[in-house]
Amino acid sequence: MILRQRLTFLLTILIALTLIAGSALSAMAIFAPFYAGDPLFPIQRWAEEVRFSLVFDKFELASQLIDLAELRLMDLGARIGSEHELLALQYLDEAVNAAVVAVDAVPAEQAGPLYARLARLAANIQAVLGQLRVVPVTQPDIYTRASVKAAVLLEITSGKSADKASSVAAINISPATNNESKGATTASSDGSLVVIPPHGVPFPPNARPGSHALFPLTGQHAVIACASCHVNNVYRGTPSQCETCHAQVKPVNHFPGACDTCHTTSAWKPATFNHTGFTDCVACHTKNKPANHFEGQCSTCHSTTAWKPALFDHTGLTDCVACHTKNKPANHFEGQCSTCHATTAWKPATFNHTGLTDCVACHTKNKPANHFEGQCSTCHATTAWKPATFNHTGLTDCVACHTK
């Protein structure tokens, strides 16, 4: 009786510990508190594998594996600039491979939302890759292959390629596994089969491109070495988008569109953009606008060929100060600019004084200290302050004015 009680007690304890451990592993797999390189990360990774092994619905498994890939991408973002940047990138690659294989196993009628998620994942991977600081310098081959892989995945999942998403799993980012395969077979002279070990097929020295129908080679693309684009003897899946290869040379705050929108394959400069049909100038050129600049569209004053000369059609506009208040000097005339200025230039400025007799209403600020208190027109002309003349006829009390 006592033995049975002890066994029951031990069994209860064992069940409780199992439940606690299972809950801990599930929490670790779901909430993923550790990053690549952390001491407990391998345990977390094992817990994730256990959890996925218990998911039997193909759609649900694919969805959860995409969740994992998104989590690995966040981990990579957290490891940018650290010693674990490469390791985090490799774990992300592993998660992407598992996700794309799982998605292609889902029935076609259910796979649409999953492909959309993979497309967003590929675009986000490209964005994070552009921020890496360690791998591009220490492992440029791995970085290039990771960029190629993300571009190929985006091309497939966005419908620009008929390949299955799982085909990107064959693109291994590590140079040590770039050419992994099951090998090929051929017949020897005696008719037996000989296995050819996996290997890359390098370009011959001074190789020249052929017709290259998939991506016509023009300009600088026709003279660079083939291996510049086909890295590590891998040819299929080489991206055709400009951004994939040229992201590293794009200046900060550059136009976000494709390079060929403005540039040709011959040279970066001169760069031209066809503005036909575009009316929202500030959508692209806000960063070119000086401080306190006119708030309207660039095309109001500028042409599409150059910023200067800039011209503005003032026809029908009468409220000058609405735009030019910032150009007005301190203590300036308060009226409209057109009262004195032309629309072609600020100077020369002229004012028609005809019919105006109260000079001091405008010119008090121009009067020197202890000046004559009367109207300016008593001594000055409307064309210039000097020379100034005064008609003394009939005046005899000189000291009334000249005591000062």
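**Exercise 1. Which residues form one aromatic cluster with Phe255, and how is Phe255 paired with Phe273?**

Step 1. Phe255, Phe273 and Phe278 form one aromatic cluster. Rings of Phe, Tyr and Trp (its six-membered ring) pair if their centres lie within 6.5 Å; planes under 30 degrees apart count as stacked, over 60 as edge-to-face and the rest as tilted.

Step 2. Searching the whole structure gives five aromatic pairs. In one of them, Phe255 and Phe273 sit 6.0 Å centre to centre with 70° between the planes, so the pair is edge-to-face.

Step 3. Both Phe255 and Phe273 lie in the loop between α8 (242-246) and α9 (282-285), so the pair ties together parts that are 18 residues apart in sequence. Helices here are DSSP runs (H or I, at least four residues), numbered from the N terminus.

Step 4. Buried means under 20% relative accessible area, exposed over 50%, and partly exposed in between (1.4 Å probe, protein chains only). Phe255 has 24% relative accessibility and counts as partly exposed; Phe273, with 25%, is partly exposed too.

A note on the model: it is predicted, so local features need pLDDT of at least 70 and side-chain atom pairs count only at pLDDT 80 or more, while totals for chains, interfaces and linings use all residues. Residues are numbered from 1 along each chain as its sequence is written, and side-chain values use heavy atoms, with hydrogens and water left out.

**Exercise 2. What lines the largest cavity?**

Step 1. On a 1 Å grid over the protein atoms alone, a cavity is a set of points where a 1.4 Å probe fits but cannot get out; lining residues have an atom within 4 Å of a point. There are two cavities of 30 Å³ or more.

Step 2. The largest cavity holds about 110 Å³ of space, a volume being the space filled by probe spheres set on grid points joined across faces, edges and corners.

Step 3. Its lining includes Leu89, Asp93, Ile125, Lys149 and Ile173. At least two lining residues come from each of α4 (85-104), α5 (112-129) and α7 (140-157).

**Exercise 3. How many residues of α4 are buried, and how far apart are its end C-alpha atoms?**

Step 1. Of the 20 residues of α4, 14 are buried, so α4 is largely enclosed by the rest of the structure.

How values were computed: 1 Å grid on protein atoms, 1.4 Å probe; cavity = no way out; pocket = protein on both sides within 12 Å on 5 of 7 lines; lining within 4 Å.
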